[in-house]
Amino acid sequence: MVGVSAGAKNLEETVRIEGHLTAEQVRRNPYFYLPFNVPNNASGIHVSYGYSDPVTASFGNGPGNVVDIGIFDSRGYDFPQPAGFRGWSGASRPEFFLAPEDATPGYIRGHLFPGEWHIMLGVDRVEPEGVRYDVSVTVEQESGAGNQEPGGTPRSARPEVSKERVGYSTPKTNGARWLKGDLHCHTVHSDGLNSVEEIVRNAVELGLDFLAVTDHNTSTHFEELERLSDLPITLIPSEEVTTYWGHANMWGLREWIDFRCADQASIDGVRRYVLQKGGLISMNHPKSVGPPWFFRGWEGYPSMEVWQAPWRFYNWESLERWDSLLRKGERVVAVGGSDVHSIPPAEPRHPHGLANPTTWVYAESSESSILDAIRAGHVFITDGPNDTRLVLSADADGDRRFESLMGDTISPLDGRLVRFRVEVNGGMDRRLWLIADGVPVDIRSLEKVETTHEFSLDVSGYRYIRAELRGPRGRPERGEVIWAMTNPIWIANSER
Ligand SMILES: [Zn+2]
Ligand SMILES: [Zn+2]
């Protein structure tokens, strides 16, 4: 259906695209592309859509359909990394617009390349009888000269953000120290309720040294991070690559990362692409309420979000997954992320805020130093950005210097006991667990807030040692939670 209306200045043309997708089609591939034409004098594109039986229960529970939406311009939409990507809003917006100078958050403003564009529908959930969709695309046209330079060259190239690897914050290179931050949060650029500025200012108020804003499947928040780069915090451009089989955080690249992974080969390709480009990637929240990680492959990821949101959000499931990978010798670094979607003044959607949990890294304050520290496993995680600390180190050669940190590998002489040290803050009435290859080898009650606990261990046959700080939270019958956890110290020469 096409409707044309002519105003005094602008023309407007609306195309309505309706259809039905069967559950079987969705099972084969959940992404569908609906073509429409953009004339060479287009000055704005407005899209709205709806679909049958949308899920109404919170967090996508309960029956119904979930259909996400995004858009590609005439430069193409082939997987992976096509030039034509122009934005994605999941199922969080019923409409969006793009124009040369402005766009809905999550969408890339800029030249409206003439030719065949595509609306992309991504079907997250479908009822057995399928789903009907109804998309309206209104293209505004300038009645004047059009939006091309004489000769037909586009007025602007792809407009979004600088792709150079420049630090977003001025590096304060005063040597490595423990820095705290949050590696996972969302803004209005995807399904969060806060502006980037609100989230970043809250992180500064909390005293965080770094923050990764990880909006779903888009990169339009990057330029706002750049705008805020004079604030005293290191802002790491990031994207939560959000597929229907699992979520993966990408940190440190200045480009959009394709998320349309519908099988093992495509997610493997995205992982390799991010790593080759020098970025960092993690498997996120691999637990029943994650959403989980449904891909078969668990190997080759440098990190895993073992702790997402408060501990009681089923993080023990992720911890078990992580331990099982460590036992196989897979050196995947545990990190935390609040995954916050709303903080005041927005209406809170979850009962926790930024930095719950907090990830601590031993680094200088530059982005590259922080990411390198994560790669190295020089990381522990605490419940919040307060004074709680848990630092595990080892003296493998018996010189009384604890020179090996979490993430490092020690090579003790055969038969020699290795001396370990755990520095604890926030230990009062909590218990320190020392864990070797997933099994507790020592549990001791702590009676002071600050403690340094040293112990010797025969590590022969073990692959790794790590520590946890556990203790009650809330009413006694609710049991213990983890208040802090370290990454492991690895032991060489114990391949089994
Ligand atoms: Zn996620
Ligand atoms: Zn998230």
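Asp339 counts as buried because it has 25 C-beta neighbours inside 10 Å. A residue is called buried if 20 or more other C-beta atoms lie within 10 Å of its own, exposed if 12 or fewer, and partly exposed in between, with C-beta atoms placed from the backbone. Asp339 lies in the loop between S16 and S17. Although Asp339 is not a glycine, its phi is positive, about 55°. The labels S and H stand for strands (E, at least two residues) and helices (H or I, at least four residues), which are DSSP runs numbered from the N terminus.

This is a predicted model, in which local features need pLDDT of at least 70 and side-chain atom pairs count only at pLDDT 80 or more, while totals for chains, interfaces and linings use all residues. Residues are numbered from 1 along each chain as its sequence is written, and chains are lettered from A and ligands numbered from 1 in the order in which they are written. The pLDDT value is the predictor's confidence in each residue, from 0 to 100. For the protein chain the mean pLDDT is 91, and 91% of the residues reach 70 or more. Over residues 145–173, pLDDT stays under 50. For that stretch the model has 58 contacts beyond four places in sequence. Two residues are in contact if their C-beta atoms, placed from the backbone, lie within 7 Å.

His341 counts as partly exposed, because it has 18 C-beta neighbours inside 10 Å. Beyond its neighbours within four places in sequence, His341 is in contact with His186, Asp191, Gly192, Leu193, Arg349 and His350. Between His341 and Leu319 there are 22 residues in sequence and 23 Å in space, C-alpha to C-alpha.

Leu319 belongs to the buried residues of helix H5, together with Asn315, Ser318, Trp322 and Leu326. These residues are on the same side of H5 because they cover an arc of only 100° around the axis. The arc is that of the directions from the helix axis to the C-beta atoms. What covers them includes strand S15 (303–308), strand S16 (333–337) and strand S26 (464–472). H5 runs over residues 315–327, and its 13 residues reach 18 Å from the first C-alpha to the last, close to the 18 Å expected. The expected span of a helix is 1.5 Å times one less than its number of residues. After H5 comes Gly329, with a positive phi near 90°.

Helix H4 (residues 264–276) also has 13 residues and reaches 18 Å, close to the 18 Å expected. Its buried residues are Ile267, Val270, Arg271 and Val274. They lie on the same side of H4, because their arc around the axis is only 100°. On the other side of H4, Ala265, Arg272 and Gln276 are exposed. The buried residues of H4 pack against strand S12 (234–243), strand S13 (246–251) and strand S14 (280–283). H4 is followed by Gly278, whose phi is positive, near 95°.

The loop between S14 and S15 contains His285. His285 is not a glycine, yet its phi is positive, about 30°. His285 is buried, because 28 other C-beta atoms lie within 10 Å.

In helix H6 (residues 367–376), the residues Glu367, Ile370, Leu371, Ala373 and Ile374 are buried. Seen down the axis of H6, the buried residues fall within an arc of 155°, so they line one face of the helix. Gly377 follows H6 and has a positive phi, near 80°.

The protein chain is divided into domain 1 (2–142), domain 2 (160–386) and domain 3 (387–496), with bounds that come from an automatic or database domain assignment. The C-alpha centres of domain 1 and domain 2 lie 28 Å apart. Their contact takes 16 residues from domain 1 and 18 residues from domain 2. On the domain 1 side, strand S6 (residues 85–90) gives the most, with four residues. Pro80 is found in the loop between strand S5 (66–72) and S6, and a cis peptide bond with omega of about -5° joins Phe79 to Pro80.
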